[in-house]
Amino acid sequence: MRPAIAKRPRLEAMPASLLAKPLDYIFADHFRQRTLCNLLEELADATALDEALAREVVAFLVGDMAVHVLDEEDDLFPLLRRRCPPEDEIEAVLGALAREHEADERMAGNIVEGLQACVATGNAPRADPDLRARLTEFARRQRRHLAVENSIVLPIARQRLTELDLANLTKRMTERRA
C-alpha cells in the first residue's frame, strides 16, 4: 500500500521577499484572490464536500484576505488620497472600493459560517442553495472588484506614490504579517 500524498494548498502562500515591492505583492495577491473565486465556484458546484478545500478557503478568507483588505484600507488608499491630484478623481474609485470591502467582509463572514457548517455536517454547499448562491455571487463580485483595483488603482499608485511611500507601505505590510 502506497502512503497518501498530501495535497498542496491551492492558495499558496505569498513569498515574503515580494513585500519589498508592495504594489507587486498586492498585484500577486490579487491573483490568489482570483484563484479563490475559482475555488468558491468549485465548492458551489461539487456534489461531494472537499473538506480540505473548504477549510483552506475559510482560512484564506479569515486570514490572508482580511489582512489584504487592511493593507488597502489602512495604508494604500490613504496614501493615494494624499498623493493624487483632483483630476485623478481617485476618491470616487476608492470610496466605491471601500464600500465593497465592507459588503464583502459581511458576505465572507456568511460564507465562512456556511462552509464551517458544511464541514461539521459533511454536506456539500450544493445541499444549501443559499450558500451556493453566496459562493458564486462572492466570486463574481470579487472578480469585478479585482479588475478595478488592477486596472485603475495599481497603475495610479505606480505613478503617484513616492519611494518613501513605498518603503513605508512595505514596512506596514511586513509588520501586519509578523
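The model is predicted, so local features need pLDDT of at least 70 and side-chain atom pairs count only at pLDDT 80 or more, while totals for chains, interfaces and linings use all residues. Residues are numbered from 1 along each chain as its sequence is written, and side-chain values use heavy atoms, with hydrogens and water left out.

Begin by selecting residues 22-45, helix α1, together with residues 129-160, helix α5, whose axes come within 9 Å and cross at roughly 165°. Helices here are DSSP runs (H or I, at least four residues), numbered from the N terminus, and axes are lines fitted to C-alpha atoms over the stretch in contact, with angles from 0 to 180 degrees between N-to-C directions. α1 and α5 are therefore roughly antiparallel to each other, a term for angles over 145 degrees.

Next, select α3 (residues 64-83) and α4 (residues 90-121), where the axes come within 11 Å and cross at roughly 165°. These two are therefore also roughly antiparallel to each other.

Now show L36, V57, L61 and F138, which have the most contacts inside the largest nonpolar core, a set of 27 residues. Such a core consists of buried Ala, Val, Leu, Ile, Met, Phe, Trp, Tyr and Cys residues joined through side-chain atoms within 4.5 Å, buried being under 20% relative accessible area with a 1.4 Å probe, protein chains only. The largest share of this core, 7 residues, comes from α4.

Finally, apart from it lies another core, of 22 residues, including C84, V93, L94 and M173.

Methods: Angles under 35 degrees count as roughly parallel, over 145 as roughly antiparallel, 65 to 115 as roughly perpendicular and the rest as oblique. Buried means under 20% relative accessible area, exposed over 50%, partly exposed in between (1.4 Å probe, protein chains only).
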